[in-house]
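Reader: I am new to this structure and would like to learn how to read it. Could you take one feature at a time?

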Amino acid sequence: DIIMASTTFSGPIKAGTISHTTGTTVGDNVKNVGHVVMSQSVEVKNTDTTDLASNIVLPAKSHIIAIDINVEVAFNGGGADTMDVGIVGNSDLYVDNADVSAIGPVALGTTGLCANWKNTGTSDVRVACKYIDAGGNSSAGKARVTVTYTQGNNHS
């Protein structure tokens with residue numbers, strides 16, 4: 001087994017060589033610093049039918065870039081098998097009723113409530129996920145939910 005080193009930073013983390021614009025020459029005196037993109041993920045199973053308070057915690061003022069749901073084992077509840085992604089107490093804040101009945105990546109379409117992704121607010125938030133078993137008899141299902149974001153990218 002290969003064990004990789006791990007480094008932890010407190011954020012937001014920015015990268016680039018020029019922090020402030022002082023002129024008009026790109027590569028010399030025009031700001032090129034940007035926020036580092038980060039991601040966290042959690043596994044959601046067919047038994048997670050109430051708000052699963054995940055291990056994903058987004059820092060205050062983060063900007064969500066993407067939420068990916070990848071179904072590894074199809075959910076088989078016999079009805080409209082869907083999933084919500086949000087925060088504890090509001091599990092459909094970010095994704096509402098995404099279809100998880102087939103293996104593979106889930107196309108969010110209009111279920112991705114992107115207007116809520118722009119700023120996570122003034123406090124850290126714990127992401128919650130919930131499988132909705134409309135048929136009431138699911139015996140299988142597993143998906144990985146990944147949230148990709150930048151820290152402290154919003155200052156409003």
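Author: We can start with a single residue. Ser-54 is placed in strand E4. Keep in mind throughout that this is a predicted model.

Reader: Is Ser-54 buried or exposed?

Author: The general idea is to look at relative accessible area, where a residue under 20% counts as buried. Ser-54 has a relative accessible area of 3%, so Ser-54 is buried.

Reader: Which residues is Ser-54 in contact with, leaving aside its neighbours within four places in sequence?

Author: With those neighbours set aside, Ser-54 is in contact with Val-42, Arg-126 and Val-127. The side chain of Ser-54 also has a polar atom 3.0 Å from the backbone nitrogen of Ile-56.

Reader: Which strands form the open sheet that includes E4?

Author: To read a sheet, follow the order in which its strands pair. Here four strands make an open sheet, in the order E4-E9-E6-E7, and they pair in the antiparallel sense. E4 and E7 are the edge strands, each pairing on one side only. From one strand to the next, the twist averages 25°.

Reader: How many bridges pair strand E6 with strand E9?

Author: Seven bridges join strand E6, residues 81-87, to strand E9, residues 125-133, and the pairing is antiparallel. As one example of residues facing each other, Asp-84 stands opposite Lys-130 in E9.

Reader: Which strands pair with E5?

Author: One of them is strand E10, residues 142-150, which pairs with E5 in the antiparallel sense over nine bridges. In E10, Thr-150 is the bridge partner of His-63. Strand E8, residues 104-105, also runs antiparallel to E5, joined by two bridges. In that pairing, Val-71 stands opposite Gly-104 in E8.

Reader: Next, backbone angles. What is the phi of Lys-61?

Author: Lys-61 has a phi near 65°, which is a positive value in a residue other than glycine. Lys-61 lies in the loop between strand E4 (52-58) and strand E5 (63-73). Its relative accessible area is 27%, so Lys-61 is partly exposed.

Reader: Where does Asn-97 lie, and what is its phi?

Author: Asn-97 lies in strand E7, which covers residues 90-99. The phi of Asn-97 is positive, about 60°, although Asn-97 is not a glycine. At 38% relative accessibility, Asn-97 counts as partly exposed.

Reader: My last topic is cysteines. How many disulfides does a search of the whole structure find?

Author: The search finds zero disulfides. The way to check is by distance, as a disulfide requires two cysteine sulfur atoms within 2.5 Å.

How values were computed
Residues are numbered from 1 along each chain as its sequence is written. This is a predicted model: local features need pLDDT of at least 70, side-chain atom pairs count only at pLDDT 80 or more; totals for chains, interfaces and linings use all residues. Side-chain values use heavy atoms; hydrogens and water are left out. Buried means under 20% relative accessible area, exposed over 50%, partly exposed in between (1.4 Å probe, protein chains only). A polar contact is a pair of N or O atoms within 3.5 Å; within protein, one must be able to donate a hydrogen and the other to accept it, and residues adjacent in sequence count only if both atoms are side-chain atoms. Contact means heavy atoms within 4.5 Å. Two strands pair if DSSP finds at least two bridges between them. Axes are lines fitted to C-alpha atoms, for helices over the stretch in contact, and angles run from 0 to 180 degrees between N-to-C directions.
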